[in-house]
Amino acid sequence: MIDFDIEDLEMLSNPRSFIRGRDYYESGCVKSIVKKGDFYEGIVRGSNSYKVTLDMSDDLPDFDCTCPYDFDGICKHAVAFGLAILDGCFEEKTANNLKLNQLTPDTFKACFDSADTKKKLDFLKQILDKDTDLQSQFYEYTMNAHETLDSISFVDVDEVKEQIRDALISIDFNDIIECYDPHYGDYYDDEGYADDALDAIS
């Protein structure tokens, strides 16, 4: 429910700002309005782009705009912003559509504690099915009675690769690798073996 109407916008602005704001709205200058509880924010583009907000926490429209307007009433950008809200041109952010980086530890804990066991197990199974490294950690954790994941040690594949590369680089392949070619009936050195070996572990 929106607790203001077009008459409120007219009262909050002067006649010129209201007309210009209506023109801005009808021209599509209002962009990306997001509602979070009683707070709205978005962008209105004119000669520049300005951030406009509306706070309805006190049940009275409290507009703010980053433009330099400082005269009688709210600016044209705020009027355009208000008209867009009245027409329902905004996206409402709720607990169900929070982005991952907006999820606080307290929100997650409350969600986790309230979820039933079957839901948790279904989620765990789907995550494990997608990640073989996690499968290995799960196996080690459950089969060897670890109390924390920190107590599980795994081989660092990249570190092992680096050690093998260092060892291969230190070998003079031209001195120790000889191959017999039956077509020519003789031995020959292949200078490409070192490169092939390094490529194989990369």
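Okay, a definition to start: I call a residue buried under 20% relative accessible area, exposed over 50%, and partly exposed in between, with a 1.4 Å probe and protein chains only. By that rule Cys 65, at 15% relative accessibility, is buried.

Some ground rules. This is a predicted model, where local features need pLDDT of at least 70 and side-chain atom pairs count only at pLDDT 80 or more, while totals for chains, interfaces and linings use all residues. Side-chain values use heavy atoms, with hydrogens and water left out, and residues are numbered from 1 along each chain as its sequence is written.

So, confidence. pLDDT is the predictor's confidence in each residue, from 0 to 100. The protein chain has a mean of 77, with 66% of its residues at 70 or more. Residues 175-181 stay under 50, and the model gives them 17 contacts beyond four places in sequence, a contact being heavy atoms within 4.5 Å. Residues 186-191 are also below 50, with 16 contacts beyond near neighbours in sequence. Where pLDDT is low, the predicted coordinates should not be read in detail.

On to the fold. Helices (H or I, at least four residues) and strands (E, at least two) are DSSP runs numbered from the N terminus, and two strands pair if DSSP finds at least two bridges between them. There's an open sheet of 5 strands, ordered E4-E3-E2-E1-E5, with mixed pairing. Its edge strands are E4 (62-65) and E5 (91-92), each pairing on one side only. E5 runs parallel to E1 (residues 30-36), joined to it by 2 bridges. In that pairing, Lys 35 has Glu 92 in E5 as its bridge partner.

What lies across the sheet? Helix H3, residues 76-86, lies across E1, E2 (39-45), E3 (49-55) and E4. H3 runs at about 60° to E3; axes here are lines fitted to C-alpha atoms, for helices over the stretch in contact, with angles from 0 to 180 degrees between N-to-C directions. This helix is largely enclosed by the rest of the structure, because 9 of its 11 residues are buried. Among them are Val 79, Phe 81, Leu 83 and Ile 85. Their cover includes helix H1 (6-12) and helix H2 (15-26), along with E1, E2, E3 and E4. Just after H3, Gly 88 takes a positive phi of about 75°.

Next, charges. A salt bridge here is a side-chain nitrogen of Lys or Arg within 4 Å of a carboxyl oxygen of Asp or Glu. The whole structure has 6 of them. Lys 36, Glu 41 and Lys 51 are linked in a network. Glu 41 reaches Lys 36 with the closest N and O atoms 3.7 Å apart, and Lys 51 at 3.5 Å, N to O. Glu 41 is partly exposed at 23%, as is Lys 36 at 39%.

Elsewhere, Asp 122 and Lys 118 meet at 2.9 Å, N to O. Both lie in helix H5 (residues 117-130), 4 residues apart, about one turn of the helix. Asp 122 is partly exposed at 33%, whereas Lys 118 is exposed at 57%.

Last, how many disulfides are there? Taking a disulfide as a pair of cysteine sulfur atoms within 2.5 Å, the search finds 0. For Cys 65, the nearest cysteine sulfur is that of Cys 67, 3.6 Å away.
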